[in-house]
Amino acid sequence: IDDQISENELHLMRICPQAWITSTGETIFDKMPTEFGPVDLRFRLSEDGKTLRVHFSANWRNKPGKVILHIPPVKGLTSVTVNNKKYSVKGPIKL
């Protein structure tokens, strides 16, 4: 969760350790402080390893101009869902 890389932008999973992306458990960041307000980010890989399931929410004090989810380089990943909406794995996702 990076609020300092670009002005008025919040970047998610830009640099995410592969060990955090697993089908055996959910990675949870709740009420993480940012300059825009606290955010929750949770993610888990599907059992077959093809889908990254992400849940993101925020309690904005000052909503950023862009929220960008970076797709981690997970071998075999074919789709990403963010709050149950399906996305391609090509390029970052603007939320």
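Modeller: Gladly! Let us begin with a term: helices (H or I, at least four residues) and strands (E, at least two) are DSSP runs, numbered from the N terminus. From the N terminus on, this chain reads β-β-β-β-β-β-β-β. That comes to zero helices and eight strands. Please keep in mind that this is a predicted model, where local features need pLDDT of at least 70, side-chain atom pairs count only at pLDDT 80 or more, and totals for chains, interfaces and linings use all residues. Residues are numbered from 1 along each chain as its sequence is written, and side-chain values use heavy atoms, with hydrogens and water left out.

Biologist: What share of the residues counts as buried?

Modeller: First the cut-offs: buried means under 20% relative accessible area, exposed over 50%, and partly exposed in between (1.4 Å probe, protein chains only). Of the 95 residues in the chain, 39% are buried.

Biologist: And how do I read contacts along the sequence?

Modeller: A contact means heavy atoms within 4.5 Å. Take the contacts between residues at least 6 apart in sequence: 49% of these join residues at least 24 apart.

Biologist: Which strands pair with S4, and in what sense?

Modeller: Two strands pair if DSSP finds at least two bridges between them. Strand S3 (residues 39–45) and strand S4 (residues 51–58) are antiparallel partners, with seven bridges. Within that pair, Asp 40 faces Ser 57 of S4. S3 and S4 also make a hairpin with five residues between them, and Gly 49 in its turn has a positive phi of about 75 degrees. S4 pairs with S6 as well, this time in the parallel sense over four bridges. There, Arg 53 stands opposite Thr 81 in S6.

Biologist: What is the strand order in the open sheet of three strands?

Modeller: The order is S1-S5-S8, and the pairing is mixed. S1 and strand S8 (93–94) are the edge strands, each pairing on one side only. S1 and S5 run parallel, joined by four bridges. One place to look is Leu 12, whose bridge partner in S5 is Leu 69.

Biologist: Which way do the residues of S1 point?

Modeller: Glu 9 and His 11 point one way, Leu 10 and Leu 12 the other way, and all are buried. Let us look at Glu 9, which belongs to strand S1. Its relative accessibility is 14%, so Glu 9 counts as buried. Leaving aside residues up to four places away in sequence, Glu 9 touches Asp 2, Asp 3, Phe 36, Pro 64, Lys 66 and Ile 68.

Biologist: Is Pro 73 buried or exposed?

Modeller: Pro 73 is exposed, because its relative accessibility is 70%. Pro 73 lies in the loop between strand S5 (66–69) and strand S6 (79–82). Pro 73 and Met 13 are 60 residues apart along the chain, and their C-alpha atoms are separated by 11 Å.

Biologist: Thank you! I will go through the strands again with the model open.
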